[in-house]
Amino acid sequence: MSGIHYSVVVPAYRENGNLRPLVTRIFGALSQAGSPVSPHEVEVIVVDDNSRDGSVETVDDLRREGYNVRIIVRTTERGLSSAVVRGFREAQGDNMLCMDADLQHPPEYVPAMLASMSPTKQFALGTRYAKGVAIDEGWPLYRRVISNGARLLALPLTSASDPMSGFFGIRKETFLKARNLNSDGFKIALDLLVKCNIPAKAIAEVPFSFGVRAEGESKLTGKVMIRYLEQLAELYWYRHSGLVIFLAIFLFVLFVFFAQTLLSWYGGFDDQSQGRY
Ligand SMILES: Nc1nc2c(ncn2[C@@H]2O[C@H](COP(=O)(O)OP(=O)(O)O)[C@@H](O)[C@H]2O)c(=O)[nH]1
Ligand SMILES: [Mg+2]
């Protein structure tokens with residue numbers, strides 16, 4: 001049996017400049033006295049979509065230096081969610097963590113995130129919306145508005161306070177139970193929370209503050225909002241199909257009722273006006 005109990009999966013596209021600080025800081029945090037997890041129990045898996053920017057060489061160097069990190073380079077598939085799913089499938093650890101490569105998810109929180117998972121806490125969620133966390137400091141207003149709007153829209157799907165942070169962990173046994181995962185889905189954590197039917201009591205929330213992207217560029221584009229709405233529609237359907245059908249019928253009946261009332265109203269005016277002329 002391997003001694004690896006924890007796997008950190010890092011989806012990465014053109015993140016070469018961030019990989020060395022990321023990996024060294026993760027293992028640095030795990031090596032601190034008082035870390036609840038030993039560095040020897042942890043592997044890091046970078047899932048790269050053929051960036052060809054030197055990421056492979058950087059990971060090879062880190063490996064030679066003794067860090068337990070490897071890189072999967074995908075050439076036939078692309079996209080964030082499917083990259084994460086691929087990493088989870090290849091993970092050896094029973095406890096799996098997903099984090100961004102760009103250091104927005106500070107590596108110093110990795111030990112706490114890993115240790116927060118247990119047989120009763122099947123899901124770990126890094127949350128920006130907890131007491132004492134400076135929310136999105138340094139974020140432009142439009143990103144804060146989008147982030148909060150996106151969070152509100154997800155409320156009927158999960159009680160988790162921050163399903164959009166992208167910094168989350170899941171136990172392998174629960175991940176393996178997930179059916180119909182949307183590999184094009186915009187937010188994989190939300191997809192997993194809904195599809196694995198994770199109850200609130202099984203979620204360990206770990207407060208953290210977002211860092212600022214260290215190097216490279218965000219892949220967040222205008223299309224992302226549309227993709228998120230598409231994903232929400234799918235998840236609402238998945239979780240509340242009965243309610244969605246009920247609401248559709250209710251709105252239809254309401255529409256017919258109003259249409260009839262309006263027609264009879266205008267019909268009434270016509271009658272009066274006919275009387276006047
Ligand atoms: N493998 C892979 N990683 C991706 C892809 N898109 C984004 N990423 C990675 O996913 C993480 C989050 O993306 P990022 O652009 O920082 O999104 P933002 O934080 O919302 O601006 C980063 O580590 C990216 O490199 C993709 O298509 N494939
Ligand atoms: Mg980012």
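Two strands pair if DSSP finds at least two bridges between them, and strands here are DSSP runs of E with at least two residues, while helices are runs of H or I with at least four, both numbered from the N terminus. What you're looking at is a predicted model, where local features need pLDDT of at least 70, side-chain atom pairs count only at pLDDT 80 or more, and totals for chains, interfaces and linings use all residues. Residues are numbered from 1 along each chain as its sequence is written, and chains are lettered from A and ligands numbered from 1 in the order in which they are written.

**The sheet**

- Seven strands make up an open sheet with mixed pairing, and their order is β3-β2-β1-β4-β6-β5-β7.
- The edges belong to β3 (69-73) and β7 (203-207): each has a single partner strand, so one side of each has no neighbour in the sheet.
- On average, neighbouring strands of this sheet are turned by 20° against each other, direction ignored. (Axes are lines fitted to C-alpha atoms, for helices over the stretch in contact, and angles run from 0 to 180 degrees between N-to-C directions.)

- Across from Met 96 in β4 you'll find Ser 7, and across from Leu 97 in β4 you'll find Val 8.
- With strand β6 (residues 168-171), β4 pairs in the antiparallel sense over four bridges.
- Asn 95 has Arg 171 in β6 as its bridge partner.

- Strand β5 (residues 123-127) has five of its five residues buried, so the rest of the structure largely encloses it.
- Phe 123, Leu 125 and Thr 127 point one way from β5, Ala 124 and Gly 126 point the other way, and all are buried.
- β5 and β6 run antiparallel and share three bridges; Leu 125 has Phe 168 in β6 as its bridge partner.
- β5 and β7 pair in the parallel sense, over five bridges, with Ala 124 opposite Ala 204 in β7.

**Helices α1 and α2**

- Helix α1 (residues 16-31) packs with helix α2 (residues 55-64) at an angle of about 20°, and their axes are 8 Å apart.
- That angle makes α1 roughly parallel to α2. (Angles under 35 degrees count as roughly parallel, over 145 as roughly antiparallel, 65 to 115 as roughly perpendicular and the rest as oblique.)
- On the α1 side, the contact is made by Asn 16, Leu 19, Arg 20 and Val 23, and on the α2 side by Ser 55, Thr 58, Val 59 and Leu 62. (Two residues are in contact if their C-beta atoms, placed from the backbone, lie within 7 Å.)
- α1 lies across β1, β2 (42-48) and β3, running at about 160° to β2.
- α2 lies across β1, β2 and β3 too, at about 155° to β3.

**Helices α3 and α7**

- Helix α3 (residues 80-90) is mostly covered, with eight of its 11 residues buried.
- Those buried residues pack against β1, β2, β4, α6 (172-175) and α7 (188-195).
- Ser 81 sits in helix α3 and counts as buried because it has 20 C-beta neighbours inside 10 Å.
- Setting aside neighbours within four places in sequence, Ser 81 is in contact with Asn 182, Ser 183, Asp 184, Gly 185, Ile 188 and Asp 191.
- Ser 81 and Gly 185 are 104 residues apart along the chain, yet their C-alpha atoms are separated by 6.2 Å.
- As for α7, seven of its eight residues are buried, so the rest of the structure largely encloses this helix.
- Just after α7, Asn 197 takes a positive phi of about 55°.

**An exposed spot**

- Val 145 belongs to helix α5 (residues 141-154) and counts as exposed because it has 11 C-beta neighbours inside 10 Å.

Methods: Buried ≥ 20, exposed ≤ 12 C-beta atoms within 10 Å, placed from the backbone.
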